[in-house]
Amino acid sequence: GSRIYVIEGEEFTVEQLLYALMVDSANDAAVALAKKISGTVEEFAALMNKRAKELGAECTNFVNPSGMDNTADGHLHVSSAYDLALMARHAMTLPEFREIVKKTYYRIPPTNKHDEEIFLNTSNKLLFSKSEYYTEVTGIKTGYTDRALANLVSSARDESGMELIAAVMGVERYNDVFTYSQELLEYG
C-alpha cells in the first residue's frame with residue numbers, strides 16, 4: 001500500500017502524520033497514529049469500531065487503521081456506503097479534518113531521519129474537477145484494495161452553501177470512481 005517510509009525512531013508531529021494519512025493514504029502513518037493513541041493496532045481498531053457504532057454505522061467493522069485487507073486471521077473490513085457517509089458527515093464537522101481532506105498536496109519538512117522533505121500528493125482527482133452544479137469540492141478520501149476495489153467518499157458545496165456527501169464503492173476501474181462520484185454529487 002501507500003506509505004511515506006517511516007523509519008524506526010523518526011519523529012513526526014501528529015499533524016504531519018494526519019496529512020500523510022489523509023492526503024497521501026500513507027498506511028505507515030495510520031499505524032504510527034494508532035500506536036500513539038491506543039498502544040496497538042488492535043486496540044485502535046476496537047476504538048474505531050466503538051466510535052463507528054456511536055455514530056450509527058451499524059454495518060461497519062474495522063480490523064486495522066489503514067483499511068488494508070487483513071485476511072490472514074479471517075477478519076475483514078466491512079462497511080456500507082451509508083455508514084461511510086454517516087462517518088464522513090460527522091468528520092466534516094471537525095474544522096481540522098475539513099482542512100486536511102481538501103488539500104491537494106502537503107510537504108513534511110526534513111526529519112531526524114530524512115534529509116529531504118516528503119512531498120505528499122492527493123489521489124483524490126475529484127478535488128481538481130469543475131462542475132456547473134457545485135462550486136467547490138471539499139474532500140474527502142479515496143481508498144483502494146484488491147478486495148474492495150476503488151472507493152471514494154467525496155463532498156462538494158454549491159453556491160448556496162449546500163454541501164453533499166457521496167460514497168461510491170467497489171468500482172473496478174480506478175478512474176471511474178471519480179466519474180461516478182461526480183455524477184452522484186451533480187445529481188444531488
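**Figure 1. The largest cavity holds about 50 Å³ of space.** The model shown here and in the other views is predicted. A search of the whole structure finds one cavity of 30 Å³ or more. Rolling a probe the size of a water molecule over the atoms is what shows where empty space is left. The lining of the largest cavity includes Met 22, Val 23, Ile 100, Val 101 and Lys 103. Also in this lining are Thr 122, Ser 123, Asn 124 and Leu 127, together with Ile 140, Lys 141 and Thr 142.

**Figure 2. Helices and a strand contribute to the lining of the largest cavity.** At least two lining residues come from each of α1, α5 (95–101) and β3 (136–145). Strand β3 gives the most, with three residues. Sorted by class, the lining of this cavity has six nonpolar, four polar and two charged residues.

**Figure 3. The second largest pocket contains about 200 Å³ of space.** Among the residues that line this pocket are Val 6, Ile 7, Gly 9, Glu 10 and Phe 12. Thr 13, Val 14 and Leu 17 also line the pocket, as do Ala 32, Leu 33 and Lys 36. Helices α1 (14–24) and α2 (27–38) each supply at least two residues of the lining. The most comes from α2, which gives three residues. Seven residues of the lining are nonpolar, two are polar and two are charged.

**Figure 4. Tyr 144 and Tyr 174 form an edge-to-face aromatic pair.** The count of aromatic pairs in the model comes to four. In the pair shown, the ring centres of Tyr 144 and Tyr 174 are 6.4 Å apart, and the angle between the planes is 75 degrees. Tyr 144 lies in strand β3, while Tyr 174 lies in the loop between β5 (163–171) and α6 (176–187), so the pair ties together parts that are 30 residues apart in sequence. Tyr 144 is partly exposed, at a relative accessible area of 42%. Tyr 174 is also partly exposed, with 28% relative accessibility.

**Figure 5. Tyr 144, Tyr 174 and Phe 178 make up one aromatic cluster.** What makes the pair of Tyr 174 and Phe 178 edge-to-face? The planes of these two rings stand at 80 degrees, with the centres 5.5 Å apart, so the pair counts as edge-to-face; the cut-off for that class is over 60 degrees. Is Phe 178 buried or exposed? Phe 178 is buried, because its relative accessible area is 6% and buried means under 20%. Tyr 174 takes part in both pairs, with Tyr 144 and with Phe 178.

Methods: Residues are numbered from 1 along each chain as its sequence is written. This is a predicted model: local features need pLDDT of at least 70, side-chain atom pairs count only at pLDDT 80 or more; totals for chains, interfaces and linings use all residues. Side-chain values use heavy atoms; hydrogens and water are left out. On a 1 Å grid over the protein atoms alone, a cavity is a set of points where a 1.4 Å probe fits but cannot get out, and a pocket is an open set with protein on both sides within 12 Å along at least five of seven lines; lining residues have an atom within 4 Å of a point. Grid points are joined across faces, edges and corners, and a volume is the space filled by probe spheres set on the points. Helices (H or I, at least four residues) and strands (E, at least two) are DSSP runs, numbered from the N terminus. Ala, Val, Leu, Ile, Met, Phe, Trp, Tyr, Cys and Pro count as nonpolar, Asp, Glu, Lys and Arg as charged, and the others, Gly among them, as polar. Rings of Phe, Tyr and Trp (its six-membered ring) pair if their centres lie within 6.5 Å; planes under 30 degrees apart count as stacked, over 60 as edge-to-face and the rest as tilted. Buried means under 20% relative accessible area, exposed over 50%, partly exposed in between (1.4 Å probe, protein chains only).
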